[in-house]
Amino acid sequence: MSSTRLSFVIAADPPARLDKAIARDVPEGAALSRTRLARLMADGAVVVDGAVASDPKARVAEGAVIEVTVEAPEESHIGAEDIPLNVVFEDAELIVVNKPAGMVVHPAPGSPSGTLVNALMHHCGDDLSGVGGMRRPGIVHRIDKDTSGLLVVAKSDAAHHGLAAQFAKHTVERYYRALVYGVPDGNDPRLRGVKGASFEPGNVLKLTTQLARHRTDRQRQAVLFQGGRHAVTRARLVARYGAPPVLAQIECWLETGRTHQIRVHMAHAGHGLVGDPTYGGKRKLPRGALNEAAAEAVSGFGRQALHAAVLGFEHPVSSEMLRFEAPLPGDFADLLAVLAA
């Protein structure tokens, strides 16, 4: 396997830790994260002033000569599959796709093929990130199998690190459309009594909790207020359906991006998503609130009514601000049309 040797010098005022100092001063084009550097140190691939350095916490002085040997990335074991993709944007660094509902993002037990990654392996060919030592698409965020909408995927190492940093800092713009049971309105006294729920100007519902895996069902997430990971979702009412209103279309945006975040947060607020088999369930709607066609369309909707409609971020290489919008897919648009009729 071929390799590349990088050689550089530690600049003035280095951080206290060796891994931080190297991450700061390594040539930008190398796109080596601290995590990758730690693995390289463990493999004996980092040399400081002629001696192998394996302790990422070690101190390093200004002027120290660093040599890092980086092996060429291995080919991924994930197979390329000729699956059509709805490409919204693509350049040498990244690709933005509009994922259909029903497609898993990454192969996993139970879904070894037919995934977005399999499709990207075929579409991108050799133009893929080698982050982590494996040549494959750089998945920096995901949406659930049965959620439709926009995803950005890195093709280069630099794009992978740059996008991952933006997601970590919560600077990526992500808006979703959802159909929920009930009407999340600030005038509802019940909703104002839900722990973690508050309202901001413009009748914007804010849900602030911790999220973690459910204790007994590992496929689910659970709302906590101690432990877990911080999660913040905001939602704005777009339209009401029924007489009296029994359903609502909402626009949600994420301050954090946790697994199932919108789905579990809206269920916690008492407004589970239509069609969500895990958190929403099927509810009995008041007789006569919807006409027969609308009631049948709601009960027959076969997935969670959730669509990643807007994605905005700074291009990790050119620094250009990018923003993309994806229209509602046919099944979701048809459902809303029946409800509005």
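This is a predicted model: local features need pLDDT of at least 70, side-chain atom pairs count only at pLDDT 80 or more; totals for chains, interfaces and linings use all residues.

**Cores**

I started with the largest nonpolar core, which has 36 residues; L116, Y176, L205, I250, I262, M266 and L273 touch the most other members. (A nonpolar core here is a set of buried Ala, Val, Leu, Ile, Met, Phe, Trp, Tyr and Cys residues joined through side-chain atoms within 4.5 Å; buried means under 20% relative accessible area, exposed over 50%, partly exposed in between, with a 1.4 Å probe and protein chains only.) Helix α3 (residues 116-124) gives the most to this core, with five residues. Helices (H or I, at least four residues) and strands (E, at least two) are DSSP runs numbered from the N terminus. Domain 2 (87-169) and domain 3 (174-340) both give residues to the core, so it lies between them. I also noted a second, separate core of 20 residues, which includes I10, I22, V46 and V70.

Residues are numbered from 1 along each chain as its sequence is written, and side-chain values use heavy atoms, with hydrogens and water left out.

**Two residues up close**

Which residues does L116 contact, leaving aside neighbours within four places in sequence? I found L85, V97, M103, V104, V105 and L151 (contact means heavy atoms within 4.5 Å).

Next I looked up I95, which sits in strand β7 (residues 94-99). I95 is buried, with a relative accessible area of 0%. With neighbours within four places set aside, its contacts include L120, H123, L151 and V153.

**Domain 2 against domain 3**

The chain is divided into domain 1 (3-71), domain 2 (87-169) and domain 3 (174-340); the bounds come from an automatic or database domain assignment. I read 24 Å between the C-alpha centres of domains 2 and 3. The contact takes 24 residues from domain 2 and 22 residues from domain 3.

The area buried between them is about 1700 Å², with carbon and sulfur atoms giving 66% (that is the accessible area, 1.4 Å probe, that two parts lose on being put together, summed over both). D144, S148 and L150 supply 28% of the area domain 2 buries here, more than any other three residues.

How many salt bridges cross this interface? The rule finds one (a side-chain nitrogen of Lys or Arg within 4 Å of a carboxyl oxygen of Asp or Glu). I also looked up R263, which forms a salt bridge with D144, the closest N and O atoms being 2.8 Å apart.
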